[in-house]
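Please look through the sequence and the structure shown here.

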2 protein chains.
Amino acid sequence: MALDKIDRKILTLLQKDATMPVAEIGRKVGLSTTPCWRRIQKMEEDGVIQRRVAVLDPGKVNVGVTVFVSVKTNEHNDAWMRKFAGVVDEFPEVVEFYRMSGDVDYLMRVVVPDIGAYDTFYKRLIGKINLTDVSSAFAMGQIKYTTALPLDFAIISDDDK
Amino acid sequence: MALDKIDRKILTLLQKDATMPVAEIGRKVGLSTTPCWRRIQKMEEDGVIQRRVAVLDPGKVNVGVTVFVSVKTNEHNDAWMRKFAGVVDEFPEVVEFYRMSGDVDYLMRVVVPDIGAYDTFYKRLIGKINLTDVSSAFAMGQIKYTTALPLDFAIISDDDK
DNA sequence: CGATCTGACGCAATAAAATTGCCCGTTGCA
DNA sequence: TGCAACGGGCAATTTTATTGCGTCAGATCG
């Protein structure tokens, strides 16, 4: 699963624009189409590349507001966590959900059109599962958002010239 | 920029899998290839679809740890904000960055291989810009992560049968 | 040291998908 | 009723993805 310099270049390109033809990617990384294509295939099989998706403009689909919701709970067992995860999964407004260490137990990022819609979401959420200590922080603006992960830490193939 | 039911179906599909052939998308939404293709083109031109990207597995590229970094500051002017934004942009580890209302002024999501790498990142960050009140919260696990935005709020074309 | 095996590459053919041109039917409106 | 605008569909055409096959360099083994 180690990635050499060429693999990382390919991934960098694909993380920016997955529509780029393999031939062009190959040209940019110094390979012909076939070996470049095979590397991409392999990275897909290996699961390094999980999938290719269309990224939409949040404003244009009317979910320009992001809210971070922190949850503290006393229920620290696995069963409860699964239930919570299941409930959250039902809400497409929740685009990210993390189990946290420290003060807060869970953190989720929710996208909605406006404060009113958030309130509606909030009521529906607490209707599905009993949450006592919840606090919401509103984002006034998104300064940076990328799906591209840094590749500087990827496991490097040793014979990586 | 209003989207009808078919547009939303198309977007739902493309948010899940952008490799699906237009012909197949058309079949699923009840259209032939051409009109389906034209709708997609239009949504790309309109910027509803921003781009298509490859999504990688964080673990597989060795950035399995997410840290949420909260920043409070006294500098509430626009110039400082721009500088901060510029600095943050330089760090590929920062995948999301928000200006917040309330207690915290800024919130960023950072991805790194481990705690040690986070420490390194942190030092480099505060070396680039003077930040006094910073607090870090570590995610123990990612329970949900999707790039797919909910389309339930999208502006609906009135003649939407 | 030479035979061989493996892995990665590239070219050229083939298959699949995107893109375009052109025609058709429906709807709204003068 | 006649016309124009708005989709929609079929059938080319063009681009890309995918596969088959041959080559080459380095590692392995006897």
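The model is a predicted one. Strands of a sheet pair through backbone hydrogen bonds, either parallel or antiparallel.

A pairing between S5(A) and S3(B) is also present, antiparallel and again over 5 bridges. In it, Gln142(A) stands opposite Tyr98(B), a residue of S3(B).

Other pairs lie within chain B. S2(B) and S5(B) run antiparallel and are joined by 6 bridges; there, Lys72(B) has Asp133(B) of S5(B) as its bridge partner. Strand S3 of chain B, residues 94-100, pairs with strand S4 of chain B, residues 106-112, through 5 bridges in the antiparallel sense. Val94(B) has its bridge partner in S4(B), namely Val110(B). Helix H5 of chain B, residues 115-128, packs on the sheet and touches S2, S3, S4 and S5 of chain B. The direction of this helix makes about 135 degrees with that of S4(B).

What do the strands form together? They make a closed barrel of 8 strands with antiparallel pairing, in the order S2(A)-S4(A)-S3(A)-S5(B)-S2(B)-S4(B)-S3(B)-S5(A). On average, neighbouring strands of this sheet are turned by 35 degrees against each other, direction ignored.

Next comes the contact between the chains. Chain A and chain B bury about 6,400 Å² between them, and 62% of that area is on carbon and sulfur atoms. To this contact chain A gives 67 residues and chain B gives 66 residues. Between the two chains, 39 residue pairs are in polar contact, counting pairs with both residues at pLDDT 80 or more. On the side of chain A that touches chain B, at least two residues each come from helix H1, strand S1, strand S2, helix H4, strand S3, strand S4 and strand S5 of chain A. S5(A) gives the most to this side, with 9 residues. By type, the residues on this side of chain A are 42 nonpolar, 11 polar and 14 charged.

How many salt bridges cross the interface of chain A and chain B? The rule finds 4 salt bridges there. Side chains of opposite charge can pair when their charged atoms come close. Arg109(B) forms a salt bridge with Glu96(A), and the closest N and O atoms of this pair are 3.2 Å apart.

Over all chains, a search of the whole structure finds 25 salt bridges. Asp4(A) forms a salt bridge with Arg39(A), with the closest N and O atoms 3.0 Å apart. Because Asp4(A) lies in the segment before H1 of chain A and Arg39(A) in helix H3 of chain A, residues 33-45, this pair ties together parts that are 35 residues apart in sequence.

Technical notes:
Residues numbered from 1 in each chain as written. Chains lettered and ligands numbered in written order. Predicted model: local features only at pLDDT ≥ 70, side-chain atom pairs only at ≥ 80, totals over all residues. Heavy atoms only, no water. Pairing = 2+ DSSP bridges. Helix = DSSP H or I, 4+ residues; strand = E, 2+ residues; numbered from the N terminus. Axes fitted to C-alpha atoms, helices over the stretch in contact; angles between N-to-C directions. Contact = heavy atoms within 4.5 Å. Buried area = accessible area lost by both parts, 1.4 Å probe. Salt bridge = Lys/Arg side-chain N within 4 Å of Asp/Glu carboxyl O. Polar contact = N/O pair within 3.5 Å; in protein donor to acceptor, adjacent residues only side chain to side chain. Nonpolar A, V, L, I, M, F, W, Y, C, P; charged D, E, K, R; others polar.
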